[in-house]
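Work through the exercises below with the sequence and the 3D view open. Each task is followed by a solution in steps.

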Amino acid sequence: MSIDIPLPPPPESGQGQPEIKEYSDPSPMTPVQPVQLGPEDRFQFNCHKGIACFNKCCQNIDIMLAPYDILRLKKRLGLSSRDFIDNFTRDFAMDGHGMPGLKLATKDESPACAFLTPEGCGVYADRPSACRYYALGLLSMRRKDSPTDEDSYFVVKEDHCLGHEEPKTQTVRDYRKEQGLEDYDAINREWRQIVLKKRSSGPTIGKPSERSMELFFLASYDLDGFRDFISTPGFTELFELDPAEKELLLATDEALLRFAFRFLKQALYGEISIPVRADAADKRRERYRQRVEQMEREAVERKTMDQDAQYESLKYESQDD
Ligand code: SF4
Ligand code: SF4
């Protein structure tokens, strides 16, 4: 499959997944059906273990991961977020500015999902949201002048998927519930809003700095790294976090992830929700001033040493003459 959203699914009762962030009119070749569905609309689809196409959808994947997907998978596998990222994902750029994204890894020398087993999905209870959505696609968009995003859904019909010929119909709402998507969307939606805002910020915000991209990666995907980050003296010096609140957000990965989104909104868009210490800016300025002075001192020392060395070599040259 080649459109840069849809990804395949599997079962225990199968499900793979396109997550559509930006949608343009489907061409005649796209598997995305041009009918926008709302929560109460019905569609025909059923995936189950006995179906002839079992596992086909997971044999050639292109699955984008969202933060809650990573949280669930790394927990299931007993890995740190860094180890999960290193072993089970690959990088890609989400936009022309290189906004970092992660996709699910495939098996060595094969486009099949790294978690695919002959029996089906090897991480079924914690499979990513894109896998849960399949054969629906999710479109999140924000209308001009609207403060909130709107979700709508599309059926994705790929030739290999026989689930569309099964007689079962259901509403989008029931399907999402059956697939356990409510928990996933409850957390990932906030992140999608951050991504959409960043993508559509355009020239008013300009090319993001390398540091902001690093923070985006840390807060979005590397949750254990983010936990370490908020325990650093630099973070504590800058932000005024109530110790009880800090204890709460360190208690569960879910709470920490939600805090990471708050942090991102503050760092990227100036949406202040984490109090900044009044004297933090002065301290930073003072540290910066001291660093500049130190660098100037070192530059003068280097120059003096160079001049001494040149003088010494001239002295020896004139003695040789
Ligand atoms: S995570 Fe599971 S459902 Fe998703 S593509 Fe991999 S094997 Fe298929
Ligand atoms: S019906 Fe579709 S989603 Fe289910 S296993 Fe077959 S190809 Fe995958």
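**Exercise 1. The core**

Which residues have the most contacts inside the largest nonpolar core, and how many residues has this core?

Solution. Start with the conventions. This is a predicted model, in which local features need pLDDT of at least 70 and side-chain atom pairs count only at pLDDT 80 or more, while totals for chains, interfaces and linings use all residues. Residues are numbered from 1 along each chain as its sequence is written, and chains are lettered from A and ligands numbered from 1 in the order in which they are written.

Step 1: A residue is buried if 20 or more other C-beta atoms lie within 10 Å of its own, exposed if 12 or fewer, and partly exposed in between, with C-beta atoms placed from the backbone. A nonpolar core is a set of buried Ala, Val, Leu, Ile, Met, Phe, Trp, Tyr and Cys residues joined through C-beta atoms within 7 Å. Helices (H or I, at least four residues) and strands (E, at least two) are DSSP runs, numbered from the N terminus.

Step 2: read off the core. It has 50 residues, and those with the most contacts inside it are Ile63, Leu65, Tyr134, Leu136, Ala219 and Ala260. Helix 10 gives the largest share of this core, five residues.

Step 3: Of its 321 residues, 29% are buried, and it has eleven helices and nine strands.

**Exercise 2. Two helices**

State how helix 6 and helix 10 are oriented and what lies between them.

Solution. Step 1: helix 6 (residues 210-220) packs on helix 10 (residues 253-269) at an angle of about 170°, and their axes are 10 Å apart. Axes are lines fitted to C-alpha atoms, for helices over the stretch in contact, and angles run from 0 to 180 degrees between N-to-C directions.

Step 1: helix 6 is therefore roughly antiparallel to helix 10. The classes are roughly parallel under 35 degrees, roughly antiparallel over 145, roughly perpendicular from 65 to 115, and oblique for the rest.

Step 2: on the helix 6 side the contact holds Ser212, Leu215, Phe216 and Ala219, which meet Ala260, Phe263, Leu264, Ala267 and Leu268 of helix 10. Contact here means C-beta atoms, placed from the backbone, within 7 Å.

Step 3: look at Leu215. Leu215 is partly exposed, with 19 other C-beta atoms within 10 Å. Leaving out residues up to four places away in sequence, Leu215 touches Leu264 and Ala267.

**Exercise 3. A hairpin**

How many bridges join strand 3 to strand 4?

Solution. Step 1: five bridges join strand 3 (residues 89-93) to strand 4 (residues 100-104), and the two run antiparallel. Two strands pair if DSSP finds at least two bridges between them.

Step 1: the strands form a hairpin with six residues between them, and Gly98 in the turn has a positive phi of about 80°. Asp91 stands opposite Leu102 in strand 4.

**Exercise 4. Helix 1 and His160**

Is His160 buried or exposed, and which residues of helix 1 are buried?

Solution. Step 1: His160 is exposed, because 11 other C-beta atoms lie within 10 Å. His160 sits in the loop between strand 8 (150-155) and strand 9 (169-171).

Step 1: in helix 1 the buried residues are Pro67, Tyr68, Asp69, Ile70, Leu71, Arg72, Leu73 and Lys74. Eight of the eleven residues of helix 1 (residues 67-77) are buried, so helix 1 is largely enclosed by the rest of the structure.
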